[in-house]
Amino acid sequence: MTNAGLYIHIPFCKSRCSYCDFATDVYRNNDAVERYVSALCGEISDFKFQISDLFDTIYFGGGTPSLLTAKQLEKILDTIHKRFKFSDKTSFTLEMNPGTVTLEKLLDFRKLGVNRASFGVQTFDDKALKLLARGHDSNDVRTTFKLLRQAKFDNVSFDLIGGLPNQHMANWEDNLNQALDLEPEHLSLYLLELEDSTPLAEQIRSKRQPQPNEELAAEMYELMLDKVVAKGFEQYEISNFSKPNFQSRHNNKYWNCDSVFGFGVSAHSFDGKTRWSNERDTNKYVSMIENSDSTIVASEEINLASEVSFLSLRMNRGLNLSEYQSRFGIDLRTKFAVEISRLSDDGLVLFEGEILKLTRKGMVFSNEVFSVFV
């Protein structure tokens, strides 16, 4: 039996990044955070769904969960443990931003059970960090990483973004080198995807920033694969790499279509059949809780066969067509024969026996592949 995952959303940030489309709010005062934490605990306590699953992952995402005080985190965890049962080998990830933690705070987080840190680097280029409105510089990154090691975090992940406006190959290679020199256990390496509603997208539309070069981004992806794998990381998903035994257990639940229950503003849940999501506006979310209203604003039955097909292709292991047919009664090789042949001719997919996989080129243009199966 597969264990479930728990996601908690903390929306507060010191500043809003120019590329970010997540549900976030600029941190203004601790009173607002306290009110949110109380509402969050109320949602968890009043959750009506009867869950018999044992949970083995907790993930605090955001936003910037590291802006929480240890007491606020402890309050949330006390509420969680009163409501759900956890494995004694639970992976507990807390997202952090550079410059938002001290050694004392990290030691407090460790005492509360946090055993995995994921923090947003995005780039080591200080000019690019200003463009992205990240609110930290490259020195903050190195200092935060050092503090994590001092606090005995032996499972550290961080993010980088490639394909930024004005970014050239030498800059991207320097970013990769600096990331690898720190020797984290996990890396999430993304190519920039512009979201229409973000400030960065508007800057590009108004020509204040140049349009990112897609061909160059594809070359950056190739370089990334070569350098990271050569350093002993295994690629297990399009954008995710880990040292042996350090895959993100929580994120794997999304890609494997396991149950994940989310709490907090904009949080999503999936129970194997239905996906539902919470109110995206923080003030509305808090008011709903305080007025004893449901925070769920959308719910849909999921076509699991469709989800499994494209999510399996995200994984480096690929999609086993025989196992898929046994599970869902669908012969994808026959049903999508024309489309798969075209994707193969375009160099986007390949077969390894009964396994359909993305090529390196297919990983860059994965959305084109996924659209066939969704």
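## A walk through the predicted model

Just after helix H10, Ser292 takes a positive phi of about 60 degrees. Most residues other than glycine have a negative phi, and most peptide bonds are trans. We will meet some further exceptions along the way.

Let us stay with H10 for a moment. This helix runs over residues 282–290, and its buried residues are Thr282, Tyr285, Val286, Met288 and Ile289. Those residues span an arc of only 160 degrees around the axis, so they sit on the same side of H10. An α-helix has 3.6 residues a turn, so residues three or four places apart point the same way. At the start of H10, look for Asp281: one of its side-chain oxygens comes to within 3.1 Å of the backbone nitrogen of Asn283.

Two packed helices are described by the angle between their axes and the distance between the axes. Here the pair is H1, residues 30–45, and H2, residues 70–83; their axes come within 9 Å and cross at roughly 5 degrees. Angles under 35 degrees count as roughly parallel, which means that H1 is roughly parallel to H2. On the H1 side, the contact is made by Asn30, Val33, Glu34, Val37, Ser38, Leu40, Cys41, Ile44 and Ser45. H2 brings Gln72, Lys75, Ile76, Thr79, Ile80 and Arg83 to the contact. What kinds of residue make up the contact of H1 with H2? They divide into seven nonpolar, five polar and three charged.

The loop between H1 and strand S4 holds Phe47. This residue counts as buried, because its relative accessibility is 16%, and buried means under 20%. Setting aside residues up to four places away in sequence, Phe47 touches Arg83, Phe84, Phe261, Phe263 and Trp276. One of these, Arg83, also belongs to the H2 side of the helix contact described above. For a sense of scale, the C-alpha atoms of Phe47 and Leu132 are separated by 37 Å, and the two residues are 85 residues apart along the chain.

Next comes the loop between S4 and H2. Gly63 is found there, and the peptide bond from Gly62 to Gly63 is cis, with omega near 15 degrees. The loop between strand S4 (55–62) and H2 is also the place of Ser66. Is Ser66 buried or exposed? Its relative accessibility is 0%, so Ser66 counts as buried. Not counting residues up to four places away in sequence, Ser66 touches Leu94, Glu95, Met96, Asn97, Thr100, Val101, Lys105 and Phe109.

Strand S5, residues 86–96, gives us Lys89. At 64% relative accessibility, Lys89 counts as exposed. Apart from residues up to four places away in sequence, Lys89 touches Asp56 and Arg249. Lys89 and Ser197 are 108 residues apart in sequence, and their C-alpha atoms are 40 Å apart in space.

Strand S6 covers residues 116–122, and Gln122 lies in this strand. Here is another positive phi in a residue other than glycine: for Gln122 the value is near 70 degrees. Gln122 counts as buried, at 7% relative accessibility.

Val141 has its place in helix H5 and is buried, with a relative accessible area of 0%. Leaving aside neighbours within four places in sequence, Val141 is in contact with Pro98, Phe119, Val121, Phe124 and His136.

Our last stop is Lys152, in the loop between helix H5 (138–150) and strand S7 (156–162). Phi of Lys152 is near 70 degrees, again a positive value in a residue other than glycine. Where Gln122 is buried, Lys152 is exposed, with a relative accessible area of 62%.

Notes
Residues are numbered from 1 along each chain as its sequence is written. This is a predicted model: local features need pLDDT of at least 70, side-chain atom pairs count only at pLDDT 80 or more; totals for chains, interfaces and linings use all residues. Side-chain values use heavy atoms; hydrogens and water are left out. Buried means under 20% relative accessible area, exposed over 50%, partly exposed in between (1.4 Å probe, protein chains only). Helices (H or I, at least four residues) and strands (E, at least two) are DSSP runs, numbered from the N terminus. The arc is that of the directions from the helix axis to the C-beta atoms. A polar contact is a pair of N or O atoms within 3.5 Å; within protein, one must be able to donate a hydrogen and the other to accept it, and residues adjacent in sequence count only if both atoms are side-chain atoms. Axes are lines fitted to C-alpha atoms, for helices over the stretch in contact, and angles run from 0 to 180 degrees between N-to-C directions. Angles under 35 degrees count as roughly parallel, over 145 as roughly antiparallel, 65 to 115 as roughly perpendicular and the rest as oblique. Contact means heavy atoms within 4.5 Å. Ala, Val, Leu, Ile, Met, Phe, Trp, Tyr, Cys and Pro count as nonpolar, Asp, Glu, Lys and Arg as charged, and the others, Gly among them, as polar.
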